[in-house]
Amino acid sequence: MQLPYELILGWRYTRAGRATRRNGFISFISGVSMLGIALGVAALIIVLSVMNGFQKEVRDRMLGVVSHIEIFAPNGEALPDVARTLTQVRSNPAVIGAAPFIATQALLARGEDMKGTLVRGIDPSREGEVTDLARDLKNTGLDLLVPGEFGVVLGLELARSLGVVRGGKVTLVAPSGQVTPAGVVPRLKQMTVVGTFDSGHFEYDSGLVLMHIDDAARIFRLEGPSGVRVRLRDLHQAREVAAELAATLTDTLLIRDWTRQNRTWFAAVQLEKRMMFIILTLIVAVAAFNLVSTLVMTVTDKRADIAILRTLGASPGSIMGIFVVQGAMVGVIGTLAGLALGLGVAFNIDVIVPALEQLLGASFLPRDIYLISRMPSDPQQGDILPIAVISLVLAFVATLYPSWRASRVNPAEALRYE
């Protein structure tokens, strides 16, 4: 099939300079534009993939410790009727697990060291229904939480900061004190560390204490569980299911889903992702509009060719199409190269980053600063397609003005001094 001559000439001008030294500089500028588009597209894909991976990694690790939905009584009081609440919650078809809990804050001390902690009283036999962490600890810690023995399972970082190991003793300081003739004194209880856990989420590893729900009720003087934790079939339906449960529960209870527990963090990540997309898109735009200078120089260099084509019967639209093809070729090649580079890095970042860390002798994600210690990546089609489309559109828009100028070349003026 015969290709349109506009396409053939546009591709030939794109490769200008390989056969003739006179056009070498134009070819160099064209190559720089192509490289700029490729690097801009690759940077966009890599950055957004890392941000997606970071968000997914933190979310998954967070949901390994917290539940999809929490239902609790106001002011930290005990639930009016735990059995009724559990029955009503489990009647929802989206719910696959529910377990009672007690949650409060306290101080944990060992010697001179003292840490503020989140204490969670759990039922070891049911906790596996609502969190992945409980399943991982089933044979290493939670089975040792026996009511009446006052054992605790600490986050690994919390245990390290207190310098305590399995079998060691710590002192739990309850927030509400005892009223005595000498005044209000804090209530203290010595606990035995029966295990530790490593969720991979530094916030919970450094501040969460697990104990049996019966022991927690005795220490904090509650008549029963203060809430129910719920696990769903689809975590993305947490808000909808929470609204359904709010309408079906008979008691006056508070409901909070996982998206609201860390709402500010997720909102900050989304805002940062949008801003990075805009900033890196400007890099692609700068590279794409380098095509303007490339095509302007090409039009100036090819004025005689344009004049000859016009005298042979080429229309202004055909002349414009030749230079649009030239600019579009640069944009397409640059975009495809950027996609290949960006996806190659994004899918292999778990190999590339450790190699760079070993080479440079540095850690890009220190565990005590960031929530995770490895560089995650999650390329998503919803990000990659818009990046490719925007890059191609910017490259096409950059060709319009120089191509229009080429179509306005006067053959007589162009051939006057030839």
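This is a predicted model: local features need pLDDT of at least 70, side-chain atom pairs count only at pLDDT 80 or more; totals for chains, interfaces and linings use all residues.
Local features require pLDDT of at least 70 and side-chain atom pairs pLDDT 80 or more, whereas totals for chains, interfaces and linings use all residues. Residues are numbered from 1 along each chain as its sequence is written, and side-chain values use heavy atoms, with hydrogens and water left out.

**Salt bridges**

- The whole structure holds eight salt bridges, each defined as a side-chain nitrogen of Lys or Arg within 4 Å of a carboxyl oxygen of Asp or Glu.
- One of them pairs Glu-70 with Arg-256, with the closest N and O atoms 2.9 Å apart.
- Because Glu-70 belongs to strand β1 (residues 69-72) and Arg-256 to strand β11 (residues 254-257), this pair ties together parts 186 residues apart in sequence.
- Glu-70 is buried at 6% relative accessibility, while Arg-256 is partly exposed at 33%; buried means under 20% relative accessible area, exposed over 50%, and partly exposed in between (1.4 Å probe, protein chains only).
- Arg-229 and Glu-127 form another salt bridge, their closest N and O atoms being 2.3 Å apart.
- Arg-229 is buried at 0% relative accessibility, and Glu-127 is buried at 3%.

**Largest cavity**

- The largest cavity contains about 60 Å³ of space, a volume being the space filled by probe spheres set on grid points joined across faces, edges and corners.
- A cavity is a set of points on a 1 Å grid over the protein atoms alone where a 1.4 Å probe fits but cannot get out, and lining residues have an atom within 4 Å of a point.
- Its lining includes Arg-229, Glu-127 and Arg-120.

Technical notes: On a 1 Å grid over the protein atoms alone, a cavity is a set of points where a 1.4 Å probe fits but cannot get out, and a pocket is an open set with protein on both sides within 12 Å along at least five of seven lines; lining residues have an atom within 4 Å of a point. Helices (H or I, at least four residues) and strands (E, at least two) are DSSP runs, numbered from the N terminus.
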